[in-house]
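Hello,

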Amino acid sequence: MSPRQKAGELRAADAGKAVLLKGWVGRRRDLGELIFLSVRDRSGLVQAVFDGARCPAEAVAAASEARSEDVVEIEGEVVLRGEGQRNKELPTGEIEVVAKRLSFLARSETPPFVVEDRTNATEELRLEYRYLDLRRPAMLQNFVLRDEIAFRVRKVLHERGFLEVETPMLTRSTPEGARDFLVPSRVHRGKFYALPQSPQLFKQILMMSGFEKYFQIARCFRDEDLRADRQFEFTQIDLEMSFPTEEEVFETVEAFLVEAFAAAGIAAVRPFPRLTFREAMEKYGTDRPDLRYALPLCDLSAAAAGSGFAPFEKALGGGGTVRGLRVPGGAGFSRKRLDELTEKAREHGAAGLLWMKRAGGETSSPAKKALSEAKLSELLAAGGVEEGDLLLVVADRESAAFAALAALRAEAARELKLVDQSKYAFCWVTEFPLLGKDETTGQWFPMNHPFTGPREEDVDRLESDPGSVRARAYDVVVNGWELGSGSIRIHRGDLQQRVFRVLGISAEEGHERFGFLLEALKYGAPPHGGIALGLDRICAIAAGATSLRDVIAFPKTTSGIDLMTKAPADVLPGQLGELGLDPPRRSP
Ligand code: ASP
């Protein structure tokens with residue numbers, strides 16, 4: 001018998017060829033003496049014909065028994081379709097296979113949904129029957145792309161001398177700041193392993209081991225509240241280098257991102273533009289700006305000063321700011337739309353939203369009466385407002401003003417159709433603050449993790465003005481998504497101890513949690529730095545998927561359940577006993 005033929009690869013040039021197909025039955029059209037089956041395998045789909053005039057009667061009889069998702073073996077001959085019968089939508093649409101035999105390799109029950117790209121099945125059903133969902137060609141393609149992306153990333157890094165090293169899954173708490181998944185130890189009763197939130201400390205240790213360049217496509221675990229774009233376990237392209245400059249990290253990452261996105265036909269233009277954190281906030285209100293469109297924010301604080309307008313006075317008096325967003329041609333926004341935008345600004349923490357419009361040579365604004373003619377003109381001029389424009393203004397704490405205007409900027413871009421969906425605008429954001437301050441406790445916390453290095457010129461202010469210290473940290477961003485973040489690390493024990501002190505981590509606590517790292521720093525640690533990028537996110541963007549779940553083979557729902565295996569699940573009482581754990585108390 002001829003070897004198996006890939007169904008999706010048959011073309012007109014194969015006409016006359018005897019073939020053996022093995023695959024799943026898709027659609028069946030039964031016209032009595034003439035039966036059409038579509039046969040699907042990983043390569044695609046082809047039509048098989050069972051024709052009373054051309055095929056043995058047993059083959060036609062077998063085909064009449066065939067149902068969707070049966071696994072079949074079909075022998076036949078490739079035949080050109082008649083002119084009117086060709087299907088331009090299908091790569092194999094110029095031919096069909098006239099069958100002479102069909103055998104069933106496995107039968108299928110009626111599937112809960114039709115295995116086709118267009119599906120009405122709910123995501124719950126798709127996740128419960130994930131094996132059927134993954135048979136859908138569009139889903140399969142996502143994994144073909146994911147494989148290609150991971151392969152290209154590995155290739156670029158391997159060629160540049162990065163060593164792929166696996167780090168432990170059973171470890172102790174790592175410093176990313178999320179909640180850990182804990183695994184009880186059977187042998188050491190009462191003690192726990194933690195699943196790694198990232199390989200952070202291990203990759204730093206590998207630099208101290210002299211490996212110089214490490215990478216890993218690493219699984220990470222964070223027990224955080226799930227959102228559409230978050231999973232408990234996710235995959236990072238994790239890397240670390242010894243003696244690097246920021247430039248060398250950027251160069252490496254850009255090199256593999258260009259290759260990775262090219263796998264999906266997406267051109268990433270190098271070098272990626274750079275913005276400091278401050279520039280990104282001032283201009284776009286966010287540290288992950290969408291650079292597919294301009295719409296920059298403006299600072300109206302100087303123009304708003306001395307206006308006597310209560311919201312401006314309050315914000316400026318309290319150390320806040322007055323910021324604006326000029327929406328070119330936005331004078332046509334309806335009152336309803338402006339109310340919605342106000343609501344949006346509030347959702348993002350702003351106390352309110354003020355608008356001003358220029359239309360027909362007139363200015364309209366709810367604040368028109370409260371502001372002098374001159375102040376109004378000054379504000380419009382500071383915002384660069386022209387005839388037909390809208391100016392959205394937020395007076396608040398800086399963080400609230402930026403967050404609200406960033407959200408409004410995205411809304412306005414959508415509304416004005418400024419977002420070119422075919423564009424991928426990459427950038428680096430640099431010079432993040434090293435530390436953030438918890439408003440309620442007054443406690444400093446690391447913006448990334450406590451091993452991030454401060455900029456040399458700011459180190460002196462670590463104790464006196466911690467909030468002003470910039471980190472040697474960077475993020476890589478595309479179209480408003482953060483793809484990854486990293487930093488040049490602290491490689492000197494004394495500096496590490498100072499940062500711990502500012503963070504309120506006592507010597508004992510530092511020793512208890514990260515003692516092995518502190519110890520390793522004593523034996524000659526090279527300067528080092530690295531980055532981690534979300535592979536799931538990269539694949540979702542490259543595949544044009546709306547959810548990370550579409551590029552993860554067996555994802556969990558937003559409530560953390562695997563609907564196929566039904567994890568998390570009960571375990572046998574004996575298993576708990578072995579681990580020295582009490583059975584959970586259930587409510588009666
Ligand atoms: N470990 C960091 C993270 O997972 C990335 C890095 O600093 O390299 O966010």
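A polar contact here is a pair of N or O atoms within 3.5 Å; within protein, one must be able to donate a hydrogen and the other to accept it, and residues adjacent in sequence count only if both atoms are side-chain atoms. By that rule, a side-chain N or O atom of Q200 sits 2.6 Å from a nitrogen atom of the ligand. E176 has a side-chain N or O atom 2.9 Å from a ligand nitrogen. R222 places a polar side-chain atom 2.9 Å from a ligand oxygen. The ligand alone exposes 270 Å², and the protein buries 95% of that (Shrake-Rupley, 1.4 Å probe; for residues, only the protein chains shown count as cover).

Caveats: the model is predicted, local features need pLDDT of at least 70, side-chain atom pairs need pLDDT 80 or more, and totals for chains, interfaces and linings use all residues. Numbering starts from 1 along each chain as its sequence is written, and side-chain values use heavy atoms, without hydrogens or water.

The shell (a heavy atom within 4 Å of the ligand) includes H449, S485 and I531. Helix 5 (200–208), strand 21 (481–488) and strand 22 (528–534) each give at least two residues to this shell. Helices are DSSP runs of H or I, at least four residues; strands are runs of E, at least two; both are numbered from the N terminus.

Now the surface. M169 lies in the loop between strand 6 (163–164) and strand 7 (182–184). M169 is partly exposed, at 35% relative accessible area (buried is under 20%, exposed over 50%, partly exposed in between).

Best wishes

How values were computed. Buried < 20%, exposed > 50% of the residue type's maximum accessible area, 1.4 Å probe, protein only.
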